[in-house]
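Hi,

Here is the structure I said I would pass on. Have a look at it first, and then read my notes below.

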Amino acid sequence: MSSNDNTPNDGKIRKVMISSTVRDLPDHRKAVEDAIHRMDMQPIMMEYKPAMDVDAVEASLKMVDDADLYVGVFAFRYGFVPAGSTKSVTVMEYQRAVKKKKPRLIFFMHEDHLVKPSDVETGAGAAKLKMFKDSVGAKRVAGFFKSVHELRFQVFQALVEYYKKPSIDAFHYVSDIPQPPEVYVAHPYTLLQTKDVVGREAELNLLADWVAVPSADVYAARILNIVALGGMGKSALTWKWFNDLAPHDMKPLAGRMWWSFYESDATFENFVVRALAYVTGRPREEIAKTISAREREYQLLAVLNTQPFLIVLDGLERILIAYSGMDAARQLDDDEFDKHTANHVAGVIGLPESGGASFVGQHRLRQCVDPRAGAFLRKLASTRRSRILVSTRLYPTELQAVTGVPIAGSFARFISGLSDDDALNLWRAYGVSGTRDELVRVFHTFGNYPLLIRALAGEVANDRRSPGNFDEWRAAHRDFEPFHLSMANARTHVLEFALRNLSATERETLRIVSAFRMPATYDTLTALLVGVRTEGSPARTFATEAALDTALASLEDRGLLGWDRRANRYDLHPIVRGVTWSGLGDGERTHVYEALHSYFESIPAMRVSDVTSLDDLTPAVELFNTVIGLGRYEVAIKVFGDRLQAALHYRLSASRRLEDLLDVFFLNGVDAESRLASSKDLSYVLNNLGVAYKLLGEPGRSITLYNRAIEIARRDNDDKDLQVYLTNAADARQMAGAMRDAVESASEALSLARKRSDAFRESVSVRYLGQILTWLGDTRKARIALEQALDGFLRASGRAPQDDHTHEESVVNAFLAQLALLLGDFPEAQARADRAWCLANYRSNERDFIWAARRQGAAALELGDYGTADERLHHSLTRARAVDLAEEELPSLTALAELRRRQGNLAEARELVDGVWDLAERGPYPLLHADARNVLAKVARDKGKLDEAVHAAQAAYRLSWCDGPPYAYHWGLEASKALLKELGASEPEMPPFDASQHPPMPGVEI
């Protein structure tokens, strides 16, 4: 049904007010909320507004004012009538919508709808209700529903007709900042699971003890971390306590703030700005423009130390390194992800006693991307009056001591499976029977995992023979025997049964989603599954969107399908995906892949300049995935080259995704047999994988791949590709300290480019040679080479759109800035770095910004502008970590450590430089490692620890030696020599360069 009032169709995200009586219609309101979310709209309802100290009527009417659309659902109760009024709040809301001329959708409960006697109004209230309904019904067409499901269907249909669905990119919301003690919910929360919080009494009691019971162990902690897998309900748990219980448990309470790092704008910096605005009552714009980042943190901590605020940080894992690489966290299943990140904390609730035993050191992947955020977290652990509640997938390294235990002031509660009582309550919520002993025995086989309880309960509840009767279901399914299986196999076994009795349309929906490499949008599922069959077109699974909605809702309710309401995207838990896909035959898989291929091939390739995130490349990634699934590997190479390579490598610097995509061309890892018939295609893949590994922090590994690509190109007499591969190999070799080989590769590449009269590749080769000569200390030739490269790019630019070489110009300017820094010409370094930053804006390639920002910070450091240095170096570090660019993360950390040393903060300097060692050794990155060891030597010297300083300086000397002069890292060697001389220590003995061990160097002139 639709409204005739001012129906808009401009694509804007719509806020929809849900108006009804509340206590008698909780399930109905939830159904309406889900229908609204499905249409990419934002529901406004009292359930998700924390308890407020303002007049309830005023709050309700304000929601009507804020809404773009009013949805009224009326049953058989008149509703709450405030003191001094003759009208219920529900009637006032409707009348406010009429007065404000809000578009209105009206739905009445049909008289055949089953209701409890207590939900039917009697007496004077019934008469008022009839009069109100008659008045509303006389003015407009209304829908009548006989069940919750029918209401959802009608609302969904009305919304489909009423609005054009907007872009999901616009869907994020940050509320206005109120004055304390009014609660501040920066990002409205909606439960991502279809079932509300069930049980969790132990965790709710722990939260109460944390703020109200001085004798409890948890009371002394200022930060309480709720750590759990996705789907365990950590956000729902924290919201329930924050919204319903915290105002009663925590007294006194100056104010409450909810911040969600899941939202697109929810950076650490924005959190500090908005939190400070909230607790001080000052304008956000004033704070952002007039107060430095460090001063904001100081002022916020000062308030939290003196006043009892409650701050919730939801989804904190989103600011940790493990989650920074766009989709890095989706690469492993839950158990492997925990192992990969060492997500264990010794001696905490919720982990076995052995949990801390596997923790070795502070794992880098659980560190904050921005070290300022990590340092601030530690400071929050020592606040005196306020409390910080964190929900997170991973426990932050910064809140963990080197022994594996939480730092003082921090407490961790790991949530795994449900308690037996909570598991039974969740089971009963589906209306399914069964004895306690038998059910608990089943639940224990898969660790009381909520997803599997929902899935199995949904299967039993929908059993055709005896719906909801577990004993009857077991009798009919005697092959259901998870009791003697490992937990992993038991999970698979249970899911196989949960999928058996799905309808054909539900099963087809799961099959389609299981074939996606990335989460599927609602619009994509609609395009693939919904439509009327026409001549020559394949049959569609659903005739209408409402039918698709019904299937999606059923799968969500069973716990088989995950729905991200924020982005309106759908995905499967790895266990569900594996069981679904493995259950398909080869023919069925081909059918699914062909359907996806037909859809994604029709979507035009996005221009590289229009790509801003990995989401923009979803159609291209899915097309690549389908042609791989169909075994068309040569076609996949073309899709990768035409639609993905430039955007992933240059625009986004998404090296992890590059690696993930290209690994599929090998049968069992990159060292195994290739699936490709063409040697040219194989060398192309090996080169691109080498680039990915080099940028991801493994230049040593990348050299092996480049060597294989070079060998193929030589064998095929392909000088064009050989020149590219040699250039890339030169870059990796100098990073790994093979300086003589780096010069040789770059020189041969330059010679080939000149032989082929390829001016552009000549400029690229001479640029790489200039970089290498810079590290070797041959500054005269380095400057000539870099300026020659810059001149070549400038002459080549502008001839045609495809000849825009501002990217290359930006890179050369960044390295000319580096050369100026090493020569001590700091104003020149600053000017070159600023030029590199300006040029980076033309192409917006991620690495160009990072390279420029670090040089800007280094120049500011040497010029004594410590504020700018701090901001620029943190900027480069944060962006480098976000894309796993180790070769810039390491020097950014080293420069920040030197900044802190000069500021006299030796403890923080040591902490920053300690972040270098693991990555530097793994690379290896001997040059960057040497720089960090030299800074460590200065820090130790300043502390008076002279033996440690000598040890660090000698380590820097050895690392800088490389192949020995003239193929040594000149600047690291000179710095370590000066430190050792100052400290009165000897230089280590190292073997000299042996020219006889190398072939003659190609003769090229610069």
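**Arg372 and its helix**

At 17% relative accessibility, Arg372 counts as buried, because the cut-off for that label is under 20%. Before going further, please keep in mind that this is a predicted model. Arg372 sits in helix α12. Leaving out residues up to four places away in sequence, Arg372 touches Phe268, Ala293, Glu297, Asp870 and His874.

Leu380 is in α12 too, a helix that covers residues 371-380. With a relative accessibility of 2%, Leu380 also counts as buried. What does Leu380 touch, not counting residues up to four places away in sequence? The list is Arg222, Ile223, Leu301, Leu304 and Ile388. For Ile223 there is a distance as well: Leu380 and Ile223 are 157 residues apart in sequence, yet 7.1 Å apart in space, C-alpha to C-alpha.

**The whole protein**

The protein has 1006 residues, and buried residues make up 57% of them. Its secondary structure comes to 41 helices and 14 strands. If you take the contacts between residues at least 6 apart in sequence, 71% join residues at least 24 apart. The accessible surface is about 40,900 Å², with 50% of that belonging to carbon and sulfur atoms.

Phe74 has Phe108 as its bridge partner in β4.

**Aromatic rings**

How many aromatic pairs does the structure hold? The count is 35. One of them involves Phe74 again: the ring centres of Phe74 and Phe132 are 5.1 Å apart and the planes are at 90°, so this pair is edge-to-face. The pair links distant parts of the chain, with Phe74 in strand β3 (residues 69-74) and Phe132 in helix α4 (residues 124-139), 58 residues apart. Both Phe74 and Phe132 are buried.

There is also a cluster linked by ring pairs, made up of Trp427, Phe443, Phe446, Phe470, Trp473, Phe480 and Phe497.

Arg441 is over the face of Phe483, 3.7 Å from the ring centre. Arg701 is over the face of Tyr693, at 4.0 Å from the ring centre.

**Around α14**

Which residues of helix α14 (residues 436-445) are buried? They are Leu439, Val440, Val442, Phe443 and Thr445. These buried residues pack against four helices, namely α13 (420-428), α15 (450-461), α16 (470-476) and α17 (487-498). Just after α14, Gly447 takes a positive phi of about 70°.

**One more spot: Ala553**

Ala553 is in helix α20 (residues 545-557). Is Ala553 buried or exposed? At 18% relative accessibility, Ala553 counts as buried, because the limit is under 20%. Neighbours within four places in sequence aside, Ala553 is in contact with Arg38 and Arg152. Ala553 and Arg152 are 401 residues apart along the chain, and their C-alpha atoms are separated by 10.0 Å.

That's what I have so far.

Cheers

Technical notes: Residues are numbered from 1 along each chain as its sequence is written. This is a predicted model: local features need pLDDT of at least 70, side-chain atom pairs count only at pLDDT 80 or more; totals for chains, interfaces and linings use all residues. Side-chain values use heavy atoms; hydrogens and water are left out. Helices (H or I, at least four residues) and strands (E, at least two) are DSSP runs, numbered from the N terminus. Buried means under 20% relative accessible area, exposed over 50%, partly exposed in between (1.4 Å probe, protein chains only). Contact means heavy atoms within 4.5 Å. Accessible areas come from the Shrake-Rupley method with a 1.4 Å probe; for residues, only the protein chains shown count as cover. Rings of Phe, Tyr and Trp (its six-membered ring) pair if their centres lie within 6.5 Å; planes under 30 degrees apart count as stacked, over 60 as edge-to-face and the rest as tilted. A charge sits over a ring if NZ of Lys or CZ of Arg is within 6 Å of the ring centre and within 35 degrees of the ring normal. Two strands pair if DSSP finds at least two bridges between them.
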